[in-house]
Amino acid sequence: MKLILLGPPGAGKGTVAANVEVLGRCHHISTGELFRQHLRDNSPLGREVRSYMEAGELVPDELTVRLVEARIVQEDGSIEDFVLDGFPRTIPQAEALDELLERHGTEIAAVILLEVDDEEIVKRLSGRLVCADCGQVYNLESSPPKQAGVCDSCSGELRRRADDSEATVRQRLAGYHSQTEPLIDYYGRRGLVLTVDSSGSPARTQANVGVALADLIDRRPDLARS
Ligand code: AMP
């Protein structure tokens, strides 16, 4: 199944995607994570996108679409099932993705929209910590590490993301409302959007996503086999 996760920064897209990946054998593709890997490697692309990311702005569409295309199209020209986390974020990105999928004879099965209000997002992201080694995400309020500053899984150092300061989070939220929210209509017109309440705990959101996907498979049993 080819799925898109839509929702503001901090809505829980990464957590949901990781679970869907395990359940449905889809590849979890996070454009934010791909870009952060380029920053860590200090690659030419990393140097090009650093200033956008640190300011909480979107990377230009053309660079982002190229990154995604290189990641999802296999050497034999096929496209494996995926759950996209953080892409598309603009109408031109969505159009480019549609064209790419059409060229390869495939399409999106559904768009999962994670709904949560802005103040909850600001609260969540100000408490978010990420393991510098394995990428595991913690939250000081809802899912703290056992030992302060240390990853439970790999003992790596926990850090705050540079773009999780309140001012940058508000900037990213403004970008979400103006540039990404129009995608709800773009996909909604094709009946693809499954709206899920993501204002509660990660476990509750995960359960809500499970119900939405089970409903979808009831309506479209062909998707369970694809
Ligand atoms: P995320 O981890 O999804 O919150 O992404 C972190 C940052 O990476 C964003 O604030 C953008 O600077 C950049 N980024 C990730 N995905 C995209 C995208 N689809 N379009 C443009 N910029 C992106």
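Residues are numbered from 1 along each chain as its sequence is written, and side-chain values use heavy atoms, with hydrogens and water left out. Because the model is predicted, local features need pLDDT of at least 70 and side-chain atom pairs count only at pLDDT 80 or more, while totals for chains, interfaces and linings use all residues.

Let us begin with the ligand. There are 16 residues around the ligand, and Thr31, Arg36, Glu57, Gly86 and Gln93 come nearest (a residue is near if one of its heavy atoms lies within 4 Å). By type, this shell divides into 5 nonpolar, 5 polar and 6 charged residues. Here Ala, Val, Leu, Ile, Met, Phe, Trp, Tyr, Cys and Pro count as nonpolar, Asp, Glu, Lys and Arg as charged, and the others, Gly among them, as polar. Helix H2 (residues 31-41) gives the largest share of the shell, 4 residues; helices (H or I, at least four residues) and strands (E, at least two) are DSSP runs, numbered from the N terminus.

Now for the polar contacts, meaning pairs of N or O atoms within 3.5 Å. A backbone N or O atom of Gly86 sits 2.8 Å from a nitrogen atom of the ligand, and a polar backbone atom of Val59 is 3.0 Å from a ligand nitrogen atom. Arg172 places a polar side-chain atom 3.2 Å from an oxygen atom of the ligand. Taken alone, the ligand exposes 480 Å², and the protein buries 96% of that (accessible areas by the Shrake-Rupley method with a 1.4 Å probe).

The structure holds 1 cavity of 30 Å³ or more. A cavity is a set of points, on a 1 Å grid over the protein atoms alone, where a 1.4 Å probe fits but cannot get out; lining residues have an atom within 4 Å of a point. Grid points are joined across faces, edges and corners, and the volume is the space filled by probe spheres set on the points. The lining of the largest cavity consists of His27, Ile29, Arg71, Ile72, Gln74, Glu80 and Phe82, with strand S2 (27-30) and helix H4 (61-72) each supplying at least two residues.

Turning to the strands, 3 of them form an open antiparallel sheet in the order S6-S5-S7 (two strands pair if DSSP finds at least two bridges between them). Strand S6 (137-139) and strand S7 (158-159) stand at the edges with a single partner strand each, so one side of each lacks a neighbour in the sheet. Between S5 (residues 128-131) and S7 there are 2 bridges, and Val130 has Arg159 as its bridge partner in S7.

Finally, the backbone. Most residues other than glycine have a negative phi, and most peptide bonds are trans. The peptide bond from Phe87 to Pro88 is cis, with omega near -5°, and Pro88 is found in the loop between strand S3 (82-85) and helix H5 (91-103). Asn42 has a positive phi, near 55°, in the loop between H2 and helix H3 (44-54).

Technical notes:
A polar contact is a pair of N or O atoms within 3.5 Å; within protein, one must be able to donate a hydrogen and the other to accept it, and residues adjacent in sequence count only if both atoms are side-chain atoms. On a 1 Å grid over the protein atoms alone, a cavity is a set of points where a 1.4 Å probe fits but cannot get out, and a pocket is an open set with protein on both sides within 12 Å along at least five of seven lines; lining residues have an atom within 4 Å of a point.
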